[in-house]
Amino acid sequence: MGPEQHLSAGLSLDEAVEAVQEGLEEGMDSVDEAGGYIEVGQIITAMRHADRGSEIAQLAVRHRDNGVVGFDIAGAEDGFLPSRFTEAFTYLAENNFPATVHAGEGAGLESIQDALVHGRALRLGHGVRIAEDIHLDVEEVDGNDVGTLTLGDLAQWVRDRQIPLELCPSSNLQTGAIAAFGTTIAEHPIDLLHQLGFNVTVNTDNRLMSGVTLTGEFGLLVETFGYGLDTVLELTLNAVHASFLPIESREQLADFIVESFEDAMEEIDGFEDSEDFKKPSTPPIWTILLQTKTDLSANSVPELTVGPAPHPWSWPALLMWWAPSGTIARGRRHSPTNPSSVTWWRNRMSLLKRWKPEARPRFPGSWATSCCKW
């Protein structure tokens, strides 16, 4: 929410935040009364082209006990680096208040680097152009295209530290943020980033302007990349883990989500065993053979042999995941060392079972990672 954009009718900054919070609480109560469950918090956003960063940061901290869970900067990204707001981000750090920063959408790698250094970003709003720091070399060997992917220093840092990426598939197409990769969802680097082990979350950006829903975005990824419910669950748990909630609330929320997905998976398993289910006959558009590489300390990932694919340079032809302890299964890695894996969450929850009251208390924040919520 950008309070600077809600002052034309005479509201103060504080009144704008309070008015939005009142509306959110009314909405959550309505969902509860209807038998549903939703938690929403505010991320207070300063506009990059304005000069009120410190004032808005102080506003966010002032309302930390009234539904505000984080701080962000948004607006024109190119030419307005986070370093313009260094004083604001320092104030937030001194007050132990989390920040996500729009970066790697309208501008490239410099924007992401600046968000991490000067913005002290705990999450990257979009961050999709981190894929520009993944370098590909392809050569033909025995009739096959053999490619080597190498992560640049920035991409390596973002991946290894599991800095969450707030990716918005449809919006990234509409704004041209992925123009360097293509013009279709199939060419969006979201699956490449997921397979390479980046901390990917799925978001809507702006539901009204983009004309999307979160359900629709997941459906688009399922249709394009063949994701099953297990992958949808993994990406959802990534968002839980990336949230600005206390750890106890994250564990409780993850437990709730996993149990709901398990119920859905059981229903699907029952349907697939029924006479009404017809197994798809269409083969996958790509296959990958992962070759062994012993130097696990280098930035370069193992060579991979690419099978049938739309085009040897397209991202779907290069879906792979590198890790010494992982296994390749349907193009997706499963590993207990992956902090976003379902196994990890289940083990964590078995150790940190908390109270589960019949009427769930309001969390002091939001687990969703959707950006541009103003």
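How many residues does helix H10 have, and how far does H10 reach from its first C-alpha to its last? Keep that in mind as you look at this predicted model.

1. Start with helix H10, which covers residues 229-242. H10 has 14 residues and reaches 20 Å from its first C-alpha to its last. That is close to the 20 Å expected at 1.5 Å a residue.

2. Next, look at the surroundings of this helix. Of the 14 residues of H10, 11 are buried, so the helix is largely enclosed by the rest of the structure. Among the buried ones you will find Leu233, Leu235, Leu237 and Val240, but also Glu234 and Asn238.

3. Now for the aromatic rings: the structure holds 2 aromatic pairs. In one of them, the ring centres of Phe71 and Phe89 are 5.7 Å apart; the planes are at 80 degrees, so this pair is edge-to-face. Phe71 belongs to strand S2 (residues 68-74) and Phe89 to helix H3 (residues 86-94), so to speak two distant parts of the chain, 18 residues apart, linked by the pair.

4. The charged end of Arg123 sits over the ring of Phe244, 4.1 Å from the ring's centre. Arg161 has its charged end over the ring of Trp157, at 3.7 Å from the centre of that ring.

Definitions and conventions. Residues numbered from 1 in each chain as written. Predicted model: local features only at pLDDT ≥ 70, side-chain atom pairs only at ≥ 80, totals over all residues. Heavy atoms only, no water. Helix = DSSP H or I, 4+ residues; strand = E, 2+ residues; numbered from the N terminus. Expected span 1.5 Å × (residues − 1). Buried < 20%, exposed > 50% of the residue type's maximum accessible area, 1.4 Å probe, protein only. Phe/Tyr/Trp six-rings, centres within 6.5 Å; stacked < 30°, edge-to-face > 60°. Lys NZ or Arg CZ within 6 Å of the ring centre and 35° of its normal.
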